[in-house]
Amino acid sequence: MPTVADAVARILAVNGVRRVFGLPGGEIAEIMAACRRLGLAFILTRHENAACMMAGVTGEMTRRPGVVLATVGPGATNLVNGVANAFLERAPLLVISAQVATSVAPVLPHQRLDLEALFRPITKWSCTLTGKDTATTVQRALDVAVEGRPGPVYLALPGDVARMEELAPDPHAAPYQASPAIAPAASTSSAPRA
């Protein structure tokens, strides 16, 4: 069965992403491997900020979201400069970082930060993947990055969620449809900002 990491990689590939930028870490190994299986190149950098800048420039040049991957804790926080730059420069960017596994998050303080809260002020949308409707959430993130005023979107991917089998979408949930414009007043994690 495909994993959540496979679902993320599949949506990236379907949307024309050909490369992701980043610095490896054990917590993002699953998504790196899923990307590699689908032919997406991983562009290794020496620092997460450099990877984020490169992905942001890719977004500016192609008008499609550039993609950057980072590991937990300091790996994710090293992205802040590049994400803020993308926000100010109106560069479509998808930022994906690992997060501490949900199974140990309540008891493990090591490298556990509220990354959604960290990125919320400098992104159009900030969300944590849970294993439910992964493909829809990633597609929404890519759409939000280019809608209206382009900019960065942040997705956290807990290590244990990345390895989970992708759960089938809720058959009773309304299907996601890209909206023509996102309301600028929306600023919560569940409502993207323009």
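**Strand pairing, cores and burial in the predicted model**

In this predicted model, strands S3 and S4 pair in the parallel sense over five bridges. Within this pairing, Leu 69 has Ile 96 of S4 as its bridge partner. Strand S4 is also joined to S6, with which it runs parallel, through seven bridges, and here the bridge partner of Ser 97 is Ala 156 in S6.

The burial of S4 was examined next. Seven of the seven residues of S4 are buried, so the strand is largely enclosed by the rest of the structure. In a regular strand the side chains alternate between the two faces of the sheet. Both faces of S4 are covered, with Leu 93, Val 95, Ser 97 and Gln 99 buried on one side and Leu 94, Ile 96 and Ala 98 buried on the other.

These strands belong to a protein chain that holds eight helices and six strands, arranged from the N terminus on in the order α-β-α-β-α-β-α-α-β-α-β-α-β-α. Of the 194 residues in the protein chain, 51% are buried. When contacts in the protein chain between residues at least 6 apart in sequence are considered, 74% of them join residues at least 24 apart. The protein chain exposes about 9,100 Å², of which carbon and sulfur atoms supply 58%.

The largest nonpolar core comprises 35 residues, and the members that touch the most other members are Leu 12, Ile 31, Leu 94, Ile 96, Val 138 and Leu 157. At least two residues of this core are supplied by each of the helices H1 (4-14), H2 (29-37), H7 (134-146) and H8 (159-163), and likewise by each of the strands S3 (66-70), S4 (93-99), S5 (125-128) and S6 (152-158). Helix H1 gives the largest share of this core, with seven residues. A second, separate core contains 18 residues, among them Ala 55, Ala 70, Leu 79 and Ala 91.

The surroundings of Leu 12 can be described residue by residue. With its neighbours within four places in sequence left aside, Leu 12 is in contact with Val 17, Val 20, Cys 35, Leu 40, Val 67, Leu 94, Val 138 and Leu 142. Two of these partners, Leu 94 and Val 138, are also listed with Leu 12 among the core members that touch the most others.

Apart from neighbours within four places in sequence, Asp 6 is in contact with Ala 34 and Arg 37.

Helix H5, which spans residues 80-89, has Gly 82, Val 83, Ala 86 and Phe 87 as its buried residues. Seen down the axis of H5, these buried residues fall within an arc of 140°, so they line one face of the helix. On the other side of H5, Asn 81 and Leu 88 are exposed. The cover over the buried residues of H5 includes helix H3 (48-62), strand S4, helix H6 (115-119) and strand S6; S4 and S6 are also the two strands joined by seven bridges. After H5 comes Arg 90, which has a positive phi near 60°.

Technical notes. Residues numbered from 1 in each chain as written. Predicted model: local features only at pLDDT ≥ 70, side-chain atom pairs only at ≥ 80, totals over all residues. Heavy atoms only, no water. Core = buried A, V, L, I, M, F, W, Y, C linked by side-chain atoms within 4.5 Å. Buried < 20%, exposed > 50% of the residue type's maximum accessible area, 1.4 Å probe, protein only. Helix = DSSP H or I, 4+ residues; strand = E, 2+ residues; numbered from the N terminus. Contact = heavy atoms within 4.5 Å. Arc of directions from axis to C-beta. Pairing = 2+ DSSP bridges. Areas by Shrake-Rupley, 256 points an atom, 1.4 Å probe, with all protein chains shown as cover.
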